[in-house]
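Subject: Handover of a structure, with findings

Dear colleague,

Please find the structure below, handed over for your reference. A written account of the findings comes after it.

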Amino acid sequence: MTAHRFRSDRRIPAALVALLVLGVAGLFLYDLAAVRAGRPALAWRRELAHRLAVHTPADPGVQLVGWALALAGAVLLLLALTPGIRRILMMRSPDQDGGLGGAQDARPRLRAGIGRKDAAQVLRDRAVQVPGVRSARVRMGRSRVRVRATSHFRELDEVRADLDAVIAVGIEELGLAHPPRPRLRVRRRAD
């Protein structure tokens, strides 16, 4: 079973669109019921029908409104289709680790994640514990970890080898569903 990224709730855009659709549908339903009851249509609906009869799709105002509505629809589709929470990295669940076999099917599926900044902090703390590393900067991406370390003693190749081993163990212990590839850069401290 693959681990899927967390999805954003996006409650505010969904609530705004629902309220807008509800309001417009309510107005049209009220006006339709009024016309069926023998009353004249509301002024705004008569004006809308008149404008739709007079203006053609070639008019600049109609095209501008059409482009604005198409852009709003594209933004809403983009919000609906993208996961949205990119700052959280998915962690492996117990059922991905081999686990208990058939007994795990009765349990609810566990999902966990760790923030990118938190994961980078964990790896940075491990990196500065390597002998010879004076300071380290870690940037965590979805597919790559960039580690920049400054060494103040020991040979750079030895520091790089130790740092590579420590970062590899650190990434494994984070338990990420899709472990990123480390990219190390060790340099001598400029005095």
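Predicted model: local features only at pLDDT ≥ 70, side-chain atom pairs only at ≥ 80, totals over all residues.

Residues are numbered from 1 along each chain as its sequence is written, and side-chain values use heavy atoms, with hydrogens and water left out.

Overall make-up

The protein has five helices and five strands. Helices here are DSSP runs of H or I with at least four residues, strands are runs of E with at least two, and both are numbered from the N terminus. Read from the N terminus on, the order of elements is α-α-α-β-β-α-β-β-α-β. Of the 191 residues in the protein, 20% are buried; buried means under 20% relative accessible area, exposed means over 50%, and partly exposed lies in between, with a 1.4 Å probe and protein chains only. Among the contacts with a separation of 6 or more, 62% come from residues 24 or more positions apart; a contact means heavy atoms within 4.5 Å.

The pair of helix 4 and helix 5

Helix 4 covers residues 116-127 and helix 5 covers residues 156-174; the two pack at an angle of about 145°, and their axes are 9 Å apart. Axes are lines fitted to C-alpha atoms, for helices over the stretch in contact, and angles run from 0 to 180 degrees between N-to-C directions. The crossing of helix 4 and helix 5 is right-handed, a term used if the near helix is turned clockwise from the far one by less than a right angle, with anticlockwise giving left-handed.

On the side of helix 4, the contact is made by A119, V122, L123, R126 and A127. Helix 5 contributes L163, V166, I167, V169, G170, I171, E173 and L174. By class, the residues of this contact are ten nonpolar, one polar and two charged. In this scheme Ala, Val, Leu, Ile, Met, Phe, Trp, Tyr, Cys and Pro count as nonpolar, Asp, Glu, Lys and Arg as charged, and the others, Gly among them, as polar.

Three strands form an open sheet in the order 3-4-5, with mixed pairing; two strands pair if DSSP finds at least two bridges between them. Strand 3 (133-140) and strand 5 (181-188) each have a single partner strand, so one side of each is left without a neighbour in the sheet. On average, neighbouring strands of this sheet are turned by 15° against each other, direction ignored. Strand 4 (residues 144-151) pairs with strand 5 in the parallel sense over eight bridges. R144 has R181 in strand 5 as its bridge partner.

Helix 4 packs on the sheet, where it touches strand 3 and strand 4, and its direction makes about 160° with that of strand 3. Helix 5 lies across strand 3, strand 4 and strand 5, and runs at about 150° to strand 5.

Within strand 4 is T150, which counts as buried because its relative accessibility is 11%. Leaving out residues up to four places away in sequence, T150 touches G132, V133, R134, S135, R187, R188 and R189.

Salt bridges

Side chains of opposite charge can pair when their charged atoms come close. The whole structure holds eight salt bridges, each defined as a side-chain nitrogen of Lys or Arg within 4 Å of a carboxyl oxygen of Asp or Glu.

One of them joins R124 and D125, whose closest N and O atoms are 3.3 Å apart. R124 is partly exposed at 29% relative accessibility, and D125 is partly exposed at 32%.

Another joins R160 and D157, with the closest N and O atoms 3.4 Å apart. Both residues lie in helix 5, three residues apart, about one turn of the helix. R160 is partly exposed, with a relative accessible area of 30%, whereas D157 counts as exposed at 59%. Elsewhere, salt bridges that share partners join R154, E158 and D162 into one network.

D162 is partly exposed, with a relative accessible area of 31%. R154 is found in the loop between strand 4 and helix 5 and counts as partly exposed at 24% relative accessibility. Most residues other than glycine have a negative phi. The phi of R154 is near 75°, a positive value in a residue other than glycine.

With kind regards
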